[in-house]
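Have the 3D view open while you read, and look up each spot as we get to it.

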Amino acid sequence: MTTILPAPDTAGRVSIGYPGATDVDFAELAPLMGRKLLNNVGDPYVDGIGTGHTKAAERQVVEIIADLFRAGDDRWGYVTTGATEGNLWALREARRRYPDGLVIHTTAAHYSVPKAIDLLAMPSVVVAADDRGEMDYTDLRRKVTRHRDRPVIIAATAGTTMTEAVDDLHQITAVLDDIGVTGRYLHVDAALAGIPLALLEPDQRPGFDLADGADSIVVSGHKFFGAPMPCGVLVTTAAAPTQASVSYIGSPDTTITGSRNGHAPLILRSALQRHGLTGLRTRAEHARELAAHTLNRLTEIRWPAWRHPHAFTVVLDRPPPPAVAARWSIPTENRRSHIVCMPGLTQHDLDRFINDLRNATRRQRRAIPRQRQPATGYRTGNP
Ligand SMILES: Cc1ncc(COP(=O)(O)O)c(C=O)c1O
């Protein structure tokens, strides 16, 4: 028998630069990877003609996430391929409601937002983000005022990719109210931080969810839940979209893709049921403790770093030397890097990284004076 397995990660490295939890083993679901296709084609709330689907599990997942994001009675959603698809779905829905709506997002929004705008050919305006990645509400006011006569579609972020900043829906709504914008749609891309933020005590929660004014919100399933394949969950405050059934499948085509992954809802339901809300909260608290520990250690070695309250992300204001960044798969954007302390990482992993960083920096410091010597002693070649 031939076994086809991906090559293992050569160095058995842990990922500290990208946000995928690794503390959950989904191997018990492996028997589902047999011959049977699981395809949730069409609307999750209308089973349709085919029987090889997991729409009951999908509905359970959507309902749990909708409760976490404080949806009212009118609610709908589905399991997507990821937050990217959720952003596309939301902007398309916003355009359906406001065909002349102007999309607004910040410079810190994930690249999937401008991509969705491009795909949908929607007019858009980019608002500044402050130095820590949160929307600049003064710039929002300035830009919306210029377009005060048209509906506004806000693509906000709860947990920006590089710094995990959270755009505040209360401040956004206050700006729109002040300017008198009545036609509005608020979508929140909460790919990484949505679930951890939703599990905070009510007095600590920032304004980001459906009860805070969002019309839709999306999370990734392969980040905090640690799903072993890309997936996500979109939830909206609207009732199920009214669309005629497609006769071929016996279900309305209310999602973005046609055929949809039927394994993903089983994975997500398993993660939700296994941990329960208490377990999920404990994982989030532990990840924040790791982030706090990492920040302390970086401060000890005098590496410029910081984090937002509640964030798993520790921002490095100076990128690591290239060899260290490559060894630990650490991304850099605009001369900033980050570490994301996801469940599954240990203090030991992060200490190893910090020691590596410190040693590489020491080596670099020792090397620099030697390299500089010729420059100070004599000059060769062009000035
Ligand atoms: C803020 C934000 N939005 C969207 C995405 C894309 O999510 P997905 O991989 O689930 O499509 C990411 C991924 O890093 C992200 O950080």
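The points below go through a few residues of this predicted model.

1. Let's start on the outside. Which residues gather in a patch of negative charge on the surface? They are E201, D203, E285 and E289.

2. You'll find E201 in the loop that runs between helix 6 (194–198) and strand 6 (216–220). Is E201 buried, exposed or something in between? Its relative accessibility is 48%, so E201 counts as partly exposed; the label "exposed" needs over 50%.

3. Next, head over to N87, which sits in helix 2 (residues 83–97). N87 has a relative accessible area of 0%, so it is buried; the cut-off for that word is under 20%.

4. Stay with N87 a moment, and ask what its side chain touches. Another links the side chains of N87 and D189, at 3.2 Å.

5. Last stop: I16, in the segment before helix 1 (55–68). I16 is buried because its relative accessible area is 0%. How far apart are the C-alpha atoms of I16 and R184? The separation is 38 Å, for two residues that lie 168 residues apart along the chain.

Terms used. Residues numbered from 1 in each chain as written. Predicted model: local features only at pLDDT ≥ 70, side-chain atom pairs only at ≥ 80, totals over all residues. Heavy atoms only, no water. Patch = residues over 30% accessible without salt bridge, like charges linked within 9 Å, V, L, I, M, F, W, Y side chains within 5 Å. Areas by Shrake-Rupley, 256 points an atom, 1.4 Å probe, with all protein chains shown as cover. Salt bridge = Lys/Arg side-chain N within 4 Å of Asp/Glu carboxyl O. Lys, Arg positive; Asp, Glu negative; His and termini not counted. Charge placed at Lys NZ, Arg CZ, Asp CG, Glu CD. Helix = DSSP H or I, 4+ residues; strand = E, 2+ residues; numbered from the N terminus. Buried < 20%, exposed > 50% of the residue type's maximum accessible area, 1.4 Å probe, protein only. Polar contact = N/O pair within 3.5 Å; in protein donor to acceptor, adjacent residues only side chain to side chain.
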